Amino acid sequence: MKSAIFRPLLEIAAVLLLVLGAARWVTGLFSKRTHVYQTTAARQMRLLFWPLLALGAGLSVVPAVAMGGEQAASTFVWLLTAGFVLFTLLLSGPALLLHLRYWTLNHETTLVFQPDSNLLEVYEAGQRVAFERRDLARIERVTCRARRSFWARYDYLRLHLHDGRVVVLTSLLTDLEPLATFLRNVPTERRAVAWCWV
């Protein structure tokens, strides 16, 4: 009975995923490359896909064990379930925390970046953060050293201005390496850390 309900739901989810992926691919073929970067749902899902998948796998075990009857109610099975959930939380939790932190920093940030036109502008809540390239005193480029972790793609760039202001741009907006390359003439401190908390 249970499998009769879940199977059509899984088939519908698979078809929706396939249709949405195909539609994204087709629209990507005909879309013009943008030079305005914001925290879009597509970018967030690209970063959150594996952490959410791991978390979903861990949490999906709990209802299965809870509905398993008396055999699944043993202490040993519940300890195994708790261990598996804890393991998936350890895998996905740091990435989810980083994502939340980066979102609080950059959810109202808009980056306009076009290296061909020598254009770099940052907007916070619709207001332009006024600075030119000559106003940059130094840059901090922090990347993740743990390449095989779910939080490896979370990194940030800190722009220190001469007047003491600091502008933080995170990987939630875009891939930051082209921007760091664009600003290569500004003194840059590069660091690789295990976890890129800002």
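Mentor: In this predicted model, Arg138 is partly exposed, because its relative accessibility is 36%. Its side chain forms a salt bridge with that of Glu140, at 3.9 Å from N to O. Glu140, by contrast, is buried, with a relative accessibility of 7%. The cut-off for a buried residue is a relative accessible area under 20%, so the value of 7% places Glu140 in that class.

A second pairing involves Arg141, whose side chain meets that of Glu177 in a salt bridge of 3.1 Å, N to O. Glu177 belongs to helix α4, which spans residues 177-182, while Arg141 belongs to strand β5, residues 136-144; the pair therefore ties together parts that are 36 residues apart in sequence. Arg141 is buried, at 2% relative accessible area, whereas Glu177 counts as partly exposed at 29% relative accessibility.

Glu177 also has a salt bridge with Arg190, where the N to O distance is 3.4 Å. Since Arg190 sits in strand β8 (residues 188-193) and Glu177 in helix α4, this contact links parts that are 13 residues apart in sequence. Over the whole structure, the search finds ten salt bridges.

The nonpolar packing can be described next. The largest nonpolar core has 21 residues, and the members that touch the most others are Leu111, Leu159, Leu169 and Leu179. Helix α4 and strand β5, the elements that hold Glu177 and Arg141, are among those that give two or more residues to this core. The other such contributors are β2 (109-114), β3 (119-124), β6 (156-161) and β7 (166-170).

Leu169 illustrates the packing in detail. Leaving aside residues up to four places away in sequence, Leu169 touches Asn106, Thr109, Leu111, Val122, Tyr156, Leu157, Leu159, Leu176 and Leu179.

Terms used
Residues numbered from 1 in each chain as written. Predicted model: local features only at pLDDT ≥ 70, side-chain atom pairs only at ≥ 80, totals over all residues. Heavy atoms only, no water. Salt bridge = Lys/Arg side-chain N within 4 Å of Asp/Glu carboxyl O. Buried < 20%, exposed > 50% of the residue type's maximum accessible area, 1.4 Å probe, protein only. Helix = DSSP H or I, 4+ residues; strand = E, 2+ residues; numbered from the N terminus. Core = buried A, V, L, I, M, F, W, Y, C linked by side-chain atoms within 4.5 Å. Contact = heavy atoms within 4.5 Å.
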